[in-house]
Amino acid sequence: MTAELKRKRGESSTSRKLRKVSPAVNEDPTPFVVSEAESDAENDGGVGLDEEEWQGVAQEEHSSVKKSTKPTGEEIRAIKDASNLFRSSTFKLQIDALLPNVQPKSKRKPPLERFLLSLHTHLSRLPDIPAKHPLEAARGLLKNGVSVPYSAPLPTEDTQWKVAFSKPSDITLVGSWANKTSVKGHDGTTYGVDLAVEMPSSIFQEKDYLNGRFFHKKAFYLATIAAAIANPKSGLNVNVSYLSTNDDPRLTKLVLEPKLDGSQTDFTKLNARVYIIPTLSPQSPLSLHRLSPAHANIRVASEGDSDDSSKLPSPLYNTALLTSLTPKSYLLSIHAIQQNVPAFNDALSLIRVWANQRGYGESGAGGVSVRGFDSKGPWWTALLVLLILGEEPTSAGKGLGKAKRKPLGRGLSSYQLFRAVLDFLAKHDFENEATFVKADEGHRYTPDEYQSNHEVVFVESSSTVNLLAGVPLGSMKLLSGDAQKTLEILNSSTNGSVTVDPFPEVFLQDHRDLQTRFDAVVHVDLSTVKSRKPNIHLTLDSGSASNAVLNSLSSMLCQGLGNRIKSLAILHPSSSPRLLSQAHPSTSHTIHIGLVYNTEHAFRQVDHGPPATETDTTVIERFRDFWGDKAELRRFKDGSIVESVVWDVQTIDEKAHVPTRILKHILQRHFNISGEAVHTWQTSFDGLVRLPESVSRYYVGSGLSMGTKGALGAFDGLVKAIKALSNDENLLPLSVMNISAASDSLRYTSVFSPVPLPSSIASVLPSNARYVYPIDFVIEFEKSASWPDDLKAIQKVKLAFLERIAMGLMKNDPALKAGVVVGNGLADSDILDVARLEVVNAEGWAFSGRVWHDREATLLDRIINNTSGLPHVAAKKSKEARQGKEYHDAIRARESYTRLFVHSPQHHRAIAKLCHQFPAFAGSVRLAKRWFASHWLLRGHISEEVIELLCAQFFVSDGWDVEVDDERDALNRTAVPGSKERGFASLIRFLKEWKWENGLFVPLYGSSALVSKQPKAVTAASTGVWRVQTRMDEEGAIWTMHGPDAVVARRVQALAQATWKCLQDMETSGKGSVMSIFDHPTEDYNVVIKLNPTVIPRYHQNVVLDESNLSKYHKNDANSLARPGFDLLNICTRICRCHTYQDTFRIFHDYFGGDRFGIVWDPSLKEPRPFRVIGAFSFCSSAESREPESATKKGKDKDMVVLNDQGVLGEIERLGRGIVSGIIVQI
């Protein structure tokens, strides 16, 4: 990541051109970035007189003649129509600006048209080839370097039928290019120009639908065309290659790519490919009723197969054959709809752009796409057709039943049609409901034939093909979830609660990132895959062995994971062109499996199977066969005896791994894929928030109650003990009304799971592993008029109460130690709350409590506002008196009061509620805090509370608390992360893009919480630039008033960008180390100071721990007494940052046991300035700091001073003797 930061700093001068896409008024437009190379390519083409190059939506220059600013009636109507039809006039402008940029430029089409004309002429003149044996014909073409892509079952020498070639009976431009609905893809993918070449019926026979005969004849026909075009004598001057859709040889087509020669037929600038697709004439001798999904057309028996294997249906095989009939009929039907629905093209373009941004399409080099959606252009078109024409009745073909979906109005706008498609995708049950688009004459095959042989059914209007044949059900569920997420984004901004423009997130942002899309991403190497039960029929039906494996793998994983997941998607690179000499496609051995958890069931440890009383033994046998040695018969508490699968876990982290453990078990058992070939990052992330084994081993088997559960139990015991003291009026004159927790150790968000430090363990731990974190809480007494009305006296009374509580606790429990701690080392005010009750119980849990008295706020506000307690008495002071020490002390005390006693307890309760509701929230926060700390920002510059708020935005939405109370399913929405890794990645992505100048609102307290409006909680010294608002803190400054400032905020963004790049590289390549994300670069610091790790109390929490420094050699048994919260390094850095050197440098330090800290000098102190008494920093004469050659200017600069950096470093070295081990000055 260090190298990545260097690269990003060097890229600032890279030339890029921006095109405006978001012309919203009073908002910063979101740019559509176009690479320099692409922009140059566009400019080379020139701009015609009739069509100008689009330059974005920009305001016209002001004319010297004043024009009327009042809108005309026509303009008002246009604005109103835009609001009604396009959500808003701004949204319509954004769509209008987007569409021209994703569609091909008209001025670049003429070379392509000339090429297509030449190609048509060439294909029409090809000579006939008489019928030959398939192998003989293939050997003839192989002499010319062209292989015939025969599919399985391959022809043999005993084959009785022959292949032949005759010139095409028809050549038609089809697909999205012909219908003018092509859109630009991702990663430099090209536009596709589909050319349907109709094979003459004379070369086919009636039985060619059997055993791949049709595909063999089609393959020879395609290879003959390829040889003719590749021949230099053809004059076409193009590169010719094969491309098999979904790596299925049966769906092979020719790819023609232009050579850059500057000729009239060179369409290189268009960035397009021509695909030649052989099609079948509707008048061919093949009978369509033989191609139903339930028909068996693969009748090849092999060893190991049963006699009934030749009678099994071949739905995928039949669909691949039927696909050859559809291109021309699609063209005509879509053209008819385009004439009747004006917004059809624009709506389809919006759908395609939305889908491409989420990986439902062709991926470029190095990218991956969701399995099943490669070359699925007709499917997106059919979605719109379904909504426009309506749905066929369930009993299709029989004229019975009732249509489930009525047609929409044909005058809807493109945005309305786009939303209708999203609504269908989000709500339709693809698993249980088949979809049939309205057809003029009904559908050929019955719904039962489709549903019994396909996972997902969507039959288009020509009643020929199930467009979703071969698409895994998990991919469709993922698509449904993405549609639901997009609708939530669009709806959230229409109800007025969110002011962020949704257009960039819906259409412009790339949502293909695996780490923010899936709760778990598993990298699988298929090089050793071997099915436990090979199925030749499945292989032949799927078209290739790789497709059969992936289909079987997807099905079995979904069966094994069951309701633990919402969706399971297999992602892999799209099919790529290959040389003509290569008959079959080569597939990638690496795939990605993405899991989206159903957090309600994902981490269940027991799966129940059939009961022992099951009479059908085959059910039990199937269960045991599927799970293997994991299946066992168990008796449960209710007395039932059932077949079960139990996933044992030792820690809460291991429980989060249950879904991936199931996945690994299935891959090992059924596909012979070992654990070494399956890789995830979960374990690596777990280690970052876990104590080292050399320390944790002392707690294992100790019998101590540990973790947040143990801390809560100890806190409850302390609360009861303190409240019990109220019974003795001689001890406490006021009763304790409430004790509120205010610590991340009690709300599950502490980086390390809290543990006690009893003397038995402290005595065996090294001195640099004995830190015990104090758990903060707030004590509130009953209302009483006996409290003094003076701030200084109130602090004295608090001290007395705390001392009484400490005495009472130790009297009731001799093993407990309690005391009163006064001061924080920095404050010199008598009205600031600096007294704390420090308690260490017998088990070693440490607590730190404060007393809350609400009268303090009133008294402080009087000082700040210069008012008197008596309304009729005016107590006005001069401005100088108001701005004196008393005023500034009151400002600081009021800020501390608001933060400690008002916001902190309410924040604690809200975050604890989130942790209970969302299993991944606590882990996401812990990783986020670890990341900020490892980059030397936590506590010193960024508070832990604001990190919790930043993470909360990915889990909460408006009204989430009502949904929790009502137990609604909306809490299970797809956008909510289900794992800590996904939550952490979402935060990193947000930080790298966040425009913190605009602030952020987090609905942490929901809509039903009763919160009182608090006064503005900012101080005169507020330096933070982040504004994170809640209903409790409308200013958004309570947790950010002391940082981060602008410098640190930009530093966070740079670190997030480098971290995001590392995450992407790790997920796509499956290589790398998680530790690289937490490796902090130090090149930007002026000084790096190294510390002695043996004296750092929290060194055992260091992110790059050297366990040799935790050896017993550094243990001091005589000093094993627990000192809650004592961390010498954090105290020293805090004093330097807030007091001694606050005007000299910025200090950065890892709060969790860091053994280095960085210093950045204030650059203004390097400039000479006039001498001034009490200059607030260590200085020396500027003449003394000059080089010898500048000595002539010493007289002029004798009264000027600059920072004495060497003197400051000398002071640090002297004060840190025994702690500082080295100082590195970086130039």
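## Cis prolines

Pro153 sits in the loop that runs between helix H6 (134-142) and strand S4 (163-165). Helices here are DSSP runs of H or I with at least four residues, strands are runs of E with at least two, and both are numbered from the N terminus. The peptide bond from Ala152 into Pro153 is cis, with omega near 0°.

There's another cis peptide bond between Gly1043 and Pro1044, where omega is about 5°. Pro1044 is in the loop between strand S26 (1028-1029) and helix H35 (1046-1069).

## About the model

This is a predicted model, in which local features need pLDDT of at least 70 and side-chain atom pairs count only at pLDDT 80 or more, while totals for chains, interfaces and linings use all residues. Residues are numbered from 1 along each chain as its sequence is written, and side-chain values use heavy atoms, with hydrogens and water left out.

## An open sheet

Five strands make up an open, mixed sheet in the order S5-S6-S9-S8-S7. Strands S5 (170-174) and S7 (238-244) are the edges, each pairing on one side only. Pairing takes at least two DSSP bridges between two strands. From one strand to the next, the twist averages 25°, with axes taken as lines fitted to C-alpha atoms (for helices, over the stretch in contact) and angles running from 0 to 180 degrees between N-to-C directions.

Val174 has Asp194 of S6 as its bridge partner.

## Positive phi in two loops

Lys180, in the loop between helix H7 (175-178) and S6, has a positive phi near 60° despite not being a glycine. Its relative accessible area is 64%, so Lys180 is exposed (buried is under 20%, exposed over 50%, partly exposed in between; 1.4 Å probe, protein chains only).

Asn246 is another non-glycine residue with positive phi, near 55°. Asn246 lies in the loop between S7 and strand S8 (252-258) and counts as partly exposed at 24% relative accessibility.

## A buried histidine

His665 belongs to helix H22 (residues 658-671). With 15% relative accessibility, His665 counts as buried. Setting aside neighbours within four places in sequence, His665 is in contact with Trp627, Asp629, Lys630 and Trp647, where contact means heavy atoms within 4.5 Å.
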